[in-house]
Amino acid sequence: MRDALIDQLARVLVEYSMGVQPGELVVLSGGSAGAPLLQAVNRRVIAAGGIPAVEVELPGMIEDLLLAGSDDQLRAVTPFERIAAEQADCSLRVGASENTRAMTGIDPKRQQLYQRARAAIGQQRMQRAADGTLRWSSTIYPTEAYAQEANLSLRDFEEFVARAEWLYDPDPIARWRELGAYQARLIDWLTPRHEVHLVAEDTDLRLSIAGRVWNNSDGHRNFPSGEVFTGPVEDSVEGHVSFSFPSIHRGRQVEGVRLWFERGRVVRAEATRNQEFLEAMLNTDEGARYLGEFAFGTNQQIDRYIGNTLFDEKIGGTVHMALGSGYPDTGSTNRSAIHWDLICDLRRGGEVTVDGDVFLKDGKILIG
């Protein structure tokens, strides 16, 4: 990625996404392939007066632990993990995968054990974000692995990322604020309403949003972003849903996911690929069978599926929902060691009504 774009991205992340202030502890972590961005962010944090704490991961280190570690080693939460959850004022995670399928050969039960041990600090992180005591963000650095997953050359993938993040704009921060203002109007419309009804191919799903809070994801917690999301009432989800895109979760590509809900709980699940893995994730804990999130994607700069959920769930004209843990600031009370986003593309047909009024049809939001 060109130096000018890296520095522009670092500026937006430090000044806008995290809003680093003098004296704040800023935890930076990511893969070694993302070193150019981590270095640029580190310089920007120092210039802002923040105190950077940096952890760079080498390829294969987590896989080594999951493959060869004892159960006690998998359960052990490191001091660095605790610092990020308990003490940081800001944190940034830079994904920089050199092999998006590195976890494919790992026993799902060992992955479950590792994740369950971190459920408490994950919940603490969510709660601190809800309280306003932690400002976190996540992004990616373009790598060959991500480009291959997207069926693009590295150069074309870098261009795609830069456009999705408005890095070519003279003032990207102003563009993100404009998106935030648009999404605020959507939230004003959604907030007093009660029931969402999603109808699409092989999909007929109802859920309650009564009394829940909608969040405006405008480039702060995720970068890029472009979504409004809430936590549905836990026992309200009824019907069935078929997800449009494959999902790469913990190194496995799961395709053709179909779920059936009764009283909020997944009672039947199918996948055309990696069915066993899907069932293992649903059995992680009781909360894994409930939805923790329902969201509308609004980023029109992201116009194609690339096999990376950070981008794919933001595609304008899609909806996504997450199995597992919900965000406390939405009112969600669902707790789980997983948070797995799955996406429905409504651009080729589909409709979402809210209290009987059409909100989204054929990929177009009709209000706001």
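Which residue of β9 is the bridge partner of aspartate 204? In this predicted model, the partner is histidine 240.

## The antiparallel sheet

Eight strands make up an open sheet, in the order β13-β12-β9-β6-β5-β17-β18-β19, with antiparallel pairing. At its edges stand β13 and β19 (364-365); each has a single partner strand, so one side of each is left without a neighbour in the sheet.

In the sheet order, β6 stands between β9 and β5. The pairing of β6 with β9 (residues 238-242) is antiparallel and runs over 3 bridges; the bridge between aspartate 204 and histidine 240 links a residue to its partner in β9. Towards β5, the pairing of β6 is again antiparallel and has 6 bridges. Here valine 196 has leucine 207 of β6 as its bridge partner. β5 also pairs with β17 (residues 351-354) in the antiparallel sense, over 4 bridges, and leucine 198 stands opposite valine 352 in β17. As a general point, side chains in a regular strand alternate between the two faces of the sheet.

β5 and β6 form a hairpin with 2 residues between them. Aspartate 202 lies in the loop between β5 (195-200) and β6 (203-208), and its phi is near 55 degrees, a positive value in a residue other than glycine. Most residues other than glycine have a negative phi. With a relative accessibility of 30%, aspartate 202 counts as partly exposed.

Arginine 263 also has a positive phi, near 50 degrees, and is likewise a residue other than glycine. Its place is the loop between β12 (258-262) and β13 (265-270). Arginine 263 has a relative accessible area of 60%, and is therefore exposed, the cut-off for that class being over 50%.

## A cis peptide bond

Which two residues are joined by a cis peptide bond? They are phenylalanine 223 and proline 224, with omega at about 5 degrees. Most peptide bonds are trans. Proline 224 lies in the loop between β7 (215-217) and β8 (227-230).

## Helix α1 and what covers it

Helix α1 spans residues 3-17, which is 15 residues. From its first C-alpha to its last it reaches 20 Å, close to the 21 Å expected at 1.5 Å a residue. Just after α1, glycine 19 takes a positive phi of about 60 degrees.

Is α1 largely enclosed or largely open? Of its 15 residues, 11 are buried, so α1 is largely enclosed by the rest of the structure. Among the buried residues are Leu5, Ile6, Leu9, Val12, Leu13 and Tyr16; Gln8, Arg11 and Ser17 are buried as well. The elements that cover the buried residues of α1 include the helices α2 (35-47), α9 (154-164) and α10 (172-190), and the strands β3 (90-95) and β4 (135-140).

Two of these covering strands, β3 and β4, pair with each other in the parallel sense over 6 bridges. Cysteine 90 stands opposite arginine 135 in β4. β4 is itself mostly covered, with 5 of its 6 residues buried.

Histidine 249 is found in strand β10 (residues 247-249). Its relative accessible area is 11%, so histidine 249 is buried. Leaving aside neighbours within four places in sequence, histidine 249 is in contact with Phe277, Met281, His339 and Trp340.

Glycine 122 is placed in helix α7 (residues 119-131) and is partly exposed, with a relative accessible area of 30%. Glycine 122 and serine 336 are separated by 214 residues in sequence, but their C-alpha atoms are 9.4 Å apart in space.

## The second largest pocket

The second largest pocket holds about 250 Å³ of space. It is lined by 13 residues, of which Glu201, Ser242, Ser244, Asp345 and Gly349 are the closest to its centre. By class, the lining has 5 nonpolar, 4 polar and 4 charged residues.

Technical notes: Residues numbered from 1 in each chain as written. Predicted model: local features only at pLDDT ≥ 70, side-chain atom pairs only at ≥ 80, totals over all residues. Heavy atoms only, no water. Expected span 1.5 Å × (residues − 1). Buried < 20%, exposed > 50% of the residue type's maximum accessible area, 1.4 Å probe, protein only. Contact = heavy atoms within 4.5 Å. 1 Å grid on protein atoms, 1.4 Å probe; cavity = no way out; pocket = protein on both sides within 12 Å on 5 of 7 lines; lining within 4 Å. Points joined across faces, edges and corners; volume = space filled by probe spheres on them. Nonpolar A, V, L, I, M, F, W, Y, C, P; charged D, E, K, R; others polar. Pairing = 2+ DSSP bridges.
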